[in-house]
Amino acid sequence: MTEDKNTFEQELENIKKESKKTPFPDDIDFEMENGTSDKTMNDKIVHANPLFDNIPDSKELIEENKVDDVFRKLEETAADLKIHEQIEAEEKKKVKHKKKTTIVIILSILLVIAISLLLLSMYAFKNREEIKKAVQPTLVPTIEASTNEDDSYKLPEELLNQNSLQVLVDSTHTLSKDFVPQNLATPYLNSTTDVIQINAEAGEMAKQMKAAAESEGISLTVTSGYMSYQEIEEKAMDIISLNGEEYAKANGYLPGSNEHQTGLAIDFTDDPTNINSDTPFNETAAGQWLYAHAHEYGFILRYPQGKESITGVNFTPNHFRYVGVDVANAIYNKGLELNDPNYTFEEYYNVQK
């Protein structure tokens, strides 16, 4: 476009110079003497140039000897070409600016995405333990109330009151994450850990029971008392990773359904130096003494042998639950009446599962 414009303007300038009468001072007398008119001279100069072919009415203007009008139109054409060139240059500039803006926007978006991914990875690394627990929600139940409304309606109030000595805790009737029992105490029970927390009443009766056993030459050592929901959950995660969720559920390890959160459950051993003894606790002198006398102090064997379908938990000979002296004796006596030494808490209260 620029080259065409320069050529056009040069031709225009040349024609304007040649078309004036003053450029022919040496030849004018000769031309006049030979009968050549100004019109003929102008016609020769103008008509022979191809630039005039694109000018409307150029031939008529030449015939009328209006060469100045022809040049005026040529100048208008040159001006139009210049304007067109400016418009074209402006359009190119807009396209270039638009491309540049688009590139900047794309780069900005990519930068934001990269920064977001970096921050996300930093957060994930910093909170990896919490995330690990969050992606395994099915490992532990989080039910905080009975899922069986009909069954709950039939149960007596003391089984539904979480601070009751007879509160029912199982996979259907669970404790909330933030539940902490009332009246916790730290009695000395010759435990395998520094401090054992337990319900104050249960702790006092456990001390009396332990003293009675010792008077008969039986050593009782407590291995576990109150545990918080979080402590139970951590232990359950370890057990699940080794043995699976079904095993944890069948043995009462899952949080919310673990009786240790009530502060009313105690686990025993007869040998604190070997709590993982191959000898089942129910076959030891300590286990047999508890089986025969625990009810006298308000404790029951919570998960007796052969009653797994009723309690929902496998036989656990070292796990005793405090339910109060009156209720423990009532359960024991009902078992004697029915000739069932393994009569359960669920059977006594007619809990249906």
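Colleague: Where is the place of Asn183 in this model?
Modeller: In this predicted model, Asn183 belongs to the loop that runs between helix H8 (157–160) and strand E1 (184–185).

Colleague: Why is Asn183 called exposed?
Modeller: Its relative accessible area is 56%. The term exposed applies over 50%, so Asn183 is classed as exposed.

Colleague: Which residue other than glycine has a positive phi near 55°?
Modeller: That residue is Asn339. Asn339 lies in the loop between helix H14 (325–337) and helix H15 (345–349).

Colleague: Is Asn339 buried or exposed, and how do you know that?
Modeller: The relative accessible area of Asn339 is 69%. Because exposed means over 50%, Asn339 is exposed.

Colleague: Where is Thr284 found?
Modeller: Thr284 sits in the loop between strand E4 (265–269) and helix H12 (285–293).

Colleague: What makes Thr284 count as buried?
Modeller: Thr284 has a relative accessibility of 8%. Buried means under 20%, and therefore Thr284 counts as buried.

Colleague: What does the side chain of Thr284 reach at 3.1 Å, and why is this called a polar contact?
Modeller: The side chain of Thr284 reaches the backbone nitrogen of Gly287.

Colleague: Which residues does Thr284 touch, not counting residues up to four places away in sequence?
Modeller: With those neighbours set aside, Thr284 touches Asp270 and Thr279. Contact means heavy atoms within 4.5 Å.

Key. Residues are numbered from 1 along each chain as its sequence is written. This is a predicted model: local features need pLDDT of at least 70, side-chain atom pairs count only at pLDDT 80 or more; totals for chains, interfaces and linings use all residues. Side-chain values use heavy atoms; hydrogens and water are left out. Helices (H or I, at least four residues) and strands (E, at least two) are DSSP runs, numbered from the N terminus. Buried means under 20% relative accessible area, exposed over 50%, partly exposed in between (1.4 Å probe, protein chains only). A polar contact is a pair of N or O atoms within 3.5 Å; within protein, one must be able to donate a hydrogen and the other to accept it, and residues adjacent in sequence count only if both atoms are side-chain atoms.
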